[in-house]
Amino acid sequence: MISESRGAAASDATMQVRELVLDFGAPQRFRNAHPLRALDSVSLDIAQGEILGLVGESGSGKTTLGKTILGAYKPTRGRILYAGRDLATLPPGSWGLLRRDLQMIFQDPLSSFNPRFTIESSLALPLRLHGICPKGSVSGEVAALLKRVGLGPEHASRYPHELSGGQLQRVAVARAISVKPRIIVADEPVSKLDVSVRAQILNLLKRMNRETGVSLVFITHDLGVARFLCDRIAVMYFGRIVEIGATDQVFADPRHPYTLSLLRARSAVPDAVITDADEVPIAIADPAQACNYAPRCARRIATCTQNRPALTTQDKGHSSACFVPIEAGTAERTEGIAS
Amino acid sequence: MRAFFANKLAVIGAAVTGFVLLAVIAGPWVLPHSPTEANFLALLEPPSLAHPFGTDSFGRDVLTRILYGARVSLAVSVTGVLAAALLGSAAGLVSAYVGGWTAAVAMRISDLLFSFPSFVLALFLMVVLGFGIANIAASIALIYLPLFARLARNMALVVKEEPWVQAAQLMGQSTFSILTREILPNIAAPLFVQIAIGIAFGIVIEAGLSFLGLGVQPPNPSLGTIMADGREYFQRAPWVLTLSGVAISIALLGLNLLSDGIRDVMDPKLRARL
Amino acid sequence: MTEAALIEVANLRTSFAVGRERVAAVRGVSFSIAEGEVFGLIGESGSGKTVTGLSLLRLLPPHASVDADAIRFRGKDLALLSGEEFRALQGVKLAMIFQDPVGSFNPAKTVAWHLKQAIARRRAYAGTGEGEWREEAVQNLWDVGIRVPERVLASYPHQLSGGMLQRALIAMVISLRPVLIIADEPTTNLDNLVERQILDLIRAQQRKLGASVLYVTHDLAVAGEICDRIAVMYAGEIVEMGPARDVLERPRHPYAQGLLQTSASLDRRDEYLYELQGEPGMRGAPEGCCFAARCPQVMPKCRSTQPRLVDVGPGHVSRCLLHDQ
């Protein structure tokens, strides 16, 4: 069943995602084009105060999932349970205060701010909009926010293009926490930053989580970073969660062949990747009733192309969706995963 | 600002336009002659000290008539173009952001209007609406509406995909706030350029309509009626047509240079990137 | 290595005209690459690593000015070559793999067209005949791990994934049989699994061709895998240079040490990562060390004296006053 969150029963989770399906593009009348299924029955829980990593390559659906739970996309099916409401079916106008609770940090810091307004203006807007502090003290609050993320008050009067990527990402963190949210979705927040700046931002995010107890959904393709920051990890492959569990467990004892490939890709083990060099298409009658990793999987057996594997519990809090999971303890210790 | 003054053509454009505006606004108070009173003792006189542009077939001072006429032309053109800019841009913005059936229908109507050559459309509208300067302004507005709508819509379609717009949506900003704060300022520059160009063309349209007798009615001066008059008497008094034509050209040139200048300055400059 | 140097760069200086000022991107960089060696250039934004590569191939825009005491290719000074002579070398003996493969392909032409061009170019240079290019193209695609070469040949760039396109680009480059390949962050935009495959591929092809590679990257781990020697750049200068193993495992310059510490603390899963303060590319006062503004071991004299490169081990140099007592 659904893996349990850190120490708490599933029903205590702040947000519960159940069987979420998202198709892009309505089926065309004149063509047989299938809509693109970006999310394929995704279920997971987000506990308060935890850092959950969504790990995968491009096309895995990790960014789409992050944005969907914030309400950026309307799911085709499924439920997103939060604060007693189902966000999946909530009309845009009824979100109201919920918008405060759910915030986002984007991948490219420069384009996440309106270039025509100063930093002060961009930070003041949410404060005013949600009445976070009385009108007179907005300036002071902005300065305090900047200080909290390690920036000086002189940055307030600057424009986005005058700040570096790292500085802007700090402002993005400031903006996200300014409304005192309960969940922040961070979409690859350090991918576009220089190596020496990444540490600064990662530390900042961790500190915010420890200080305020805000939950963080951390989307990344970088396993080393995920291992440092996240309490739990969900590995995604083309719209499905293939493995989920506590970070230590997933890294030390991966059960899904794809997870193992990802881990080995970053180590120096030669010929480590267990896939074919190019996808030679195999015949699958109904992709919806098959494992979506099967075409690339060297461990594939007959049932993999005929049935869809469900997430099955391998260990406490650790599940994977595979008919031929890696046996416990066979994976070599994955050392040397550098950032 | 500094960049604007560095662009020589833009400065020339601004200067010429400024001069024209000054002449048009202040001139009539300075010059002693009346634009409409006939003076049969001084018919078709060549340029002289008393009459720098000469007199027309009714003995009226051409320069005075040009300045009064320019007032009318500018007022009509500016009103029409500004109306088009405001309504058209708003329509384009909303249709880009909100989308849906109404937007699609609105854009198709706009395309329809847009497919007519401007002057033909102007003529048609004048016949339908009747003569008079208010209707000229309305025609100019209707002619330019589709242009602004399409321009605003195309740019808004691009800008609305930018992450900062998504950030605003996720923050719970109202649609109005997103349209006016997040999108509009980032599409404004080309719209301003288009306004300057539009005013120039508006003057031409008004002059053309008045030239044909569909616009400003005699004895009121309009750049168009002056030119019509000048054309009739071209053999005997070429200065009327020539000089009024030159006056219009200078004004248009100034506006065009100015609009080019605005465009150059507001375009993101290519800086050397390391 | 006692082989003769393939490329020797002495005191390369590149600057750009920005408005009325000149901004220096590369400030006196010197290094040499031996035949068959993989030389890594590591740095962050503002380090000048990409500009260095582009300077060697004369690929910079007109407002850039490139100057050097010497840039020698197999002993011959490249500066002495005319534009035409240099163009003959460019692309055939000296090839480049860019970060974004999409930009290296003409979107209106098939992969076959590109490979044919590359093969024809090499043959024209070598003086051999036109002949059947298709066979060679298919073989090259196979060599880079493409198992459906005919289909890829017939495809347009937009029909291929990032990884496939990068492989096709590498196939194009090996068609030229270059002697020096400059690779500018070729795997940055690729997913992990594909990145691994491309890295293995580059290494295999390099060995097969015996070509030298100037590998420009910000990724220490990648550099460690593929490079024989490494130079670490900061704000336009080389701050440390030596055998890859030595530089990455026992760095001597505070900047390189800082990068390594961050990476190590990530592996150790410290509660908080080791942080280098300040922004990449941040320079200290012009009369002092370029890294003074960020250096955790800065001394007063660092702000007023420019350090030179001093020996800190066999074939290993570092630009720091700590070693220059």
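Modeller: Two residues are in contact if their C-beta atoms, placed from the backbone, lie within 7 Å. The model is predicted: local features need pLDDT of at least 70, side-chain atom pairs count only at pLDDT 80 or more, and totals for chains, interfaces and linings use all residues. Residues are numbered from 1 along each chain as its sequence is written, while chains are lettered from A and ligands numbered from 1 in the order in which they are written.

Biologist: What percentage of the contacts in chain A with a separation of 6 or more is between residues 24 or more positions apart?

Modeller: Chain A has 9 helices and 12 strands (DSSP runs numbered from the N terminus: helices H or I of at least four residues, strands E of at least two). Of its contacts with a separation of 6 or more, the share from residues 24 or more positions apart is 65%.

Biologist: Which strand gives the largest share of the side of domain 1 of chain A that touches domain 2 of chain A?

Modeller: The domain assignment, automatic or from a database, gives domain 1 (12–252) and domain 2 (253–339) of chain A. Their contact takes 20 residues from domain 1 and 22 residues from domain 2. On the domain 1 side, helix 7, strand 9 (232–237), strand 10 (240–246) and helix 8 (247–252) of chain A each supply at least two residues. The largest share, 7 residues, comes from strand 10 of chain A.

Biologist: Which helix of chain A gives the most to the side that touches chain C?

Modeller: In this interface 31 residues of chain A are in contact with 29 residues of chain C. Two or more residues each come from helix 6 (195–212), helix 7 (223–229) and helix 9 (257–265) of chain A. The most, 8 residues, is given by helix 6 of chain A.

Biologist: In strand 9 of chain C, what is the bridge partner of C:Val38?

Modeller: Chain C has an open sheet of 8 strands in the order 7-8-9-3-10-11-13-12, with mixed pairing (two strands pair if DSSP finds at least two bridges between them). The edge strands are strand 7 (94–97) and strand 12 (309–313) of chain C. Strand 3 (residues 38–42) and strand 9 (residues 212–217) of chain C pair in the parallel sense over 5 bridges. In strand 9, the partner of C:Val38 is C:Val213.

Biologist: How many residues of helix 3 of chain B are buried?

Modeller: Helix 3 (residues 62–98) of chain B reaches 52 Å from its first C-alpha to its last. Just after this helix, B:Gly99 takes a positive phi of about 65°. A residue is buried if 20 or more other C-beta atoms, placed from the backbone, lie within 10 Å of its own, exposed if 12 or fewer, and partly exposed in between. Helix 3 of chain B is mostly covered, and of its 37 residues the number buried is 26.

How values were computed. Expected span 1.5 Å × (residues − 1).
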